[in-house]
Every structure is written in C-alpha cells, then in structure tokens.
Amino acid sequence: MAQEVRGVIAPGKNEPVRVETIVVPDPGPQEAVVRVQACGVCHTDLHYKQGGINDEFPFLLGHEAAGIVESVGEGVTDVAPGDFVVLNWRAVCGACRACLRGRPWYCFDTHNARQRMTLTDGTELSPALGIGAFAEKTLVAAGQCTKVDPAVSPAVAGLLGCGVMAGIGAAINTGDVGRGDSVAVIGCGGVGDAAVAGARLAGAAKVIAVDIDDRKLETARAMGATHTVNSKDHDPVAAIRDLTGGFGADVVIEAVGRPETYRQAFYARDLAGTVVLVGVPTPEMKLELPLLDVFGRGGALKSSWYGDCLPSRDFPMLIDLHLQGRLPLDKFVSETIRLDEVEQAFERMHRGDVLRSVVVF
C-alpha cells in the first residue's frame with residue numbers, strides 16, 4: 001500500500017523549496033523503499049533547483065543519503081528489510097560492455113526505480129539523481145542500496161552517496177595516488193577536501209591545497225593537507241612547483257570545473273603526471289591548450305565521474321576505514337538540520353559558510 005510522507009520539492013526554476021506530502025508507492029520488481037535517516041545538502045541539489053540539470057520540475061530533492069530498507073519488491077536478493085544502506089545514484093546493470101569487461105564503474109546502463117513518487121494530486125516527481133531523499137521515505141532501484149556497517153552515524157555514511165565519494169575516488173581510483181606521491185588539489189569545497197583526505201589515505205607524502213578562501217584552506221589542513229596556497233595572493237602553478245622541487249605535482253586534482261583552473265592544473269603537474277578533472281563544468285565552457293604542450297608533457301588527462309567508484313566495493317571499505325579512525329568522514333558534517341531548513345542550508349552553502357549541512361530525520 002502506498003504511503004504518504006513529508007518531502008522537500010523544488011516546484012519551479014529558482015523558486016524556494018517547500019515541504020510537501022509525498023506519495024511513495026510499494027516497491028515493484030527490483031525496487032526498494034528506504035526509510036531515510038539522514039541526507040546531505042549537495043550543490044547538485046541546488047543545480048536542480050536552479051534548473052541547471054534539466055527542466056523536469058517538480059523535483060524531489062536530496063541524494064546523499066543513508067537509511068534503513070523498509071520493504072523490497074520481487075526479485076531483490078542483495079538487500080532485505082532492516083538493512084542499513086547508503087544510497088547511490090549509479091546502480092550498475094551488470095550486462096553492458098563496460099560491466100562485461102570488468103569495469104562496472106563505467107556502466108553505460110545504470111538504472112533507477114521504474115515507478116514515480118507523486119504529490120497527493122498525482123503530479124509525478126523527478127527524484128534528484130534518481131533518489132529523492134529529502135523525504136522521510138523514498139523509492140529507489142534496489143541496486144542503489146549498498147549495505148554498510150550500521151555502527152556508523154547515518155549523517156556521516158550518507159555523504160558517501162555523492163560529493164565525498166567523488167573527491168576520495170578522484171584521488172584513489174581515478175588519480176591512482178600512491179605512497180610517496182605529491183598531490184595538488186585545486187578548489188577546496190566538499191569534493192576538493194574529500195580529494196585531500198583521499199590523497200592522504202592513499203599515502204601521498206605531500207598534499208597541496210589551493211583555494212581563494214582562507215577558511216576553506218584551513219579546513220583542507222584539517223582533512224590532511226600538508227601545504228596550502230591562496231591563489232588570490234600567489235600564482236598557484238609557481239607555488240605548486242616551488243613546493244615540489246620545481247617539477248610540479250605527480251597528481252593534480254581540479255575540483256572547480258573551470259577552464260582557468262584546469263589550465264593551472266595542467267601546468268602544475270610534473271612531466272608524465274596526471275590531471276584529474278572532478279569539478280563539474282557548465283555546457284558553454286571551452287578549453288584551449290597548445291597541442292604541443294599536451295604532446296610534450298606526456299602523462300594522463302582524466303575526468304572522474306562519481307570518483308570512478310563501485311559502491312559495492314568502495315562504500316563498505318571507506319566506512320570501515322572511518323570506524324577504524326583512519327578516515328575523518330565526520331569532519332565533513334558542518335551542521336545537522338531539519339527538513340524544513342533546506343532552503344536556508346542552500347543559502348549557507350552558496351556563501352561558503354558550511355562544508356555540508358545534513359538533514360537528520
């Protein structure tokens with residue numbers, strides 16, 4: 001039987017979000033209903049609200065979430081009612097060419113729940129990234145549920161659902177940071193700070209954080225940065241080179257998503273070094289680089305989508321490392337808020353006042 005719960009919707013482009021009654025249907029085949037315990041306020045949710053993703057309003061926002069599986073549909077075997085799970089927005093298919101080649105993190109046919117949640121008048125909602133977790137309960141594809149150790153705080157666990165995983169994965173998966181490497185991270189928001197933490201976790205000897213905000217640089221130090229550079233005051237390319245013996249960093253992670261900062265990343269890497277783009281650009285942005293420089297410097301220019309993560313592999317591992325005291329995921333939680341405080345959380349995020357606000361149910 002369908003259930004009515006409270007949820008946060010974005011009714012139209014740039015309109016304030018509001019709490020509405022949401023109708024959650026019973027799970028169909030390969031679907032699950034999850035009772036949400038916590039959900040982070042991510043910049044992607046703000047993009048949805050601003051119409052920057054698509055115009056399929058109204059949106060049911062929220063996607064960085066953790067909770068308890070309440071019920072499952074026919075054919076679900078990987079999770080069961082009562083399981084504590086982190087939700088992910090890439091449920092791999094297992095059958096596409098990427099999956100069959102043993103690279104499921106590149107899956108070309110990820111899937112979401114087939115049914116739609118609605119308002120009480122029947123208006124269909126578009127769930128953010130196929131999740132829609134600013135709600136007391138949500139309907140997802142069962143493959144979007146990843147079991148993790150229930151000893152972890154839901155407010156911490158849910159952050160792996162998007163931004164924190166994107167940053168950590170950019171370092172350990174895409175960038176393949178190794179012991180003794182030098183790493184520079186340009187842009188120290190939530191994703192950039194996660195990349196800093198990931199680089200330290202992987203054994204980098206030197207982690208250089210670059211930003212224009214001293215507050216963010218201080219936070220990056222708390223996440224494991226060994227050096228910081230305020231690029232308002234210093235040329236970041238020259239500073240990174242100075243800190244690496246004149247050579248440049250082995251891995252440079254660009255967590256801003258702008259042509260200017262990407263060029264900085266390109267020229268701040270060592271010969272045969274790696275650039276990882278994890279910052280999300282907008283459609284109109286263009287990049288121009290001398291082709292001879294691309295040829296002459298060698299190495300790799302990579303993009304990192306969701307940190308090239310495989311949730312079934314990465315989420316439990318990172319939660320275990322956190323519980324062992326080796327990964328400070330709790331430092332990403334700036335504040336916990338109520339469901340009706342999401343609009344104000346967007347404002348604080350836009351001002352750079354918080355790393356992550358987390359809705360706790």
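## The second largest pocket

Mentor: In this predicted model, the second largest pocket has a volume of about 390 Å³ (the space filled by probe spheres set on grid points joined across faces, edges and corners). A pocket here is an open set of points on a 1 Å grid over the protein atoms alone, where a 1.4 Å probe fits, with protein on both sides within 12 Å along at least five of seven lines; lining residues have an atom within 4 Å of a point. Residues are numbered from 1 along each chain, local features need pLDDT of at least 70, side-chain atom pairs count only at pLDDT 80 or more, and totals for chains, interfaces and linings use all residues. Side-chain values use heavy atoms, without hydrogens and water.

Twenty residues line this pocket, and Asp78, Val92, Ala142, Gly143 and Cys145 lie nearest its centre. By class, the lining divides into nine nonpolar, eight polar and three charged residues (Ala, Val, Leu, Ile, Met, Phe, Trp, Tyr, Cys and Pro are nonpolar, Asp, Glu, Lys and Arg charged, the others, Gly among them, polar). β10 (145-147) gives the largest share of the lining, three residues, and α10 (311-323) also supplies at least two. Helices (H or I, at least four residues) and strands (E, at least two) are DSSP runs, numbered from the N terminus.

Now for the strands. β15 (residues 269-277) and β16 (residues 300-303) run parallel, joined by four bridges (pairing takes at least two DSSP bridges). Val276 has Lys302 in β16 as its bridge partner. Elsewhere, β1 (residues 3-10) and β2 (residues 18-24) run antiparallel, with seven bridges between them, and Val8 stands opposite Val19 in β2.
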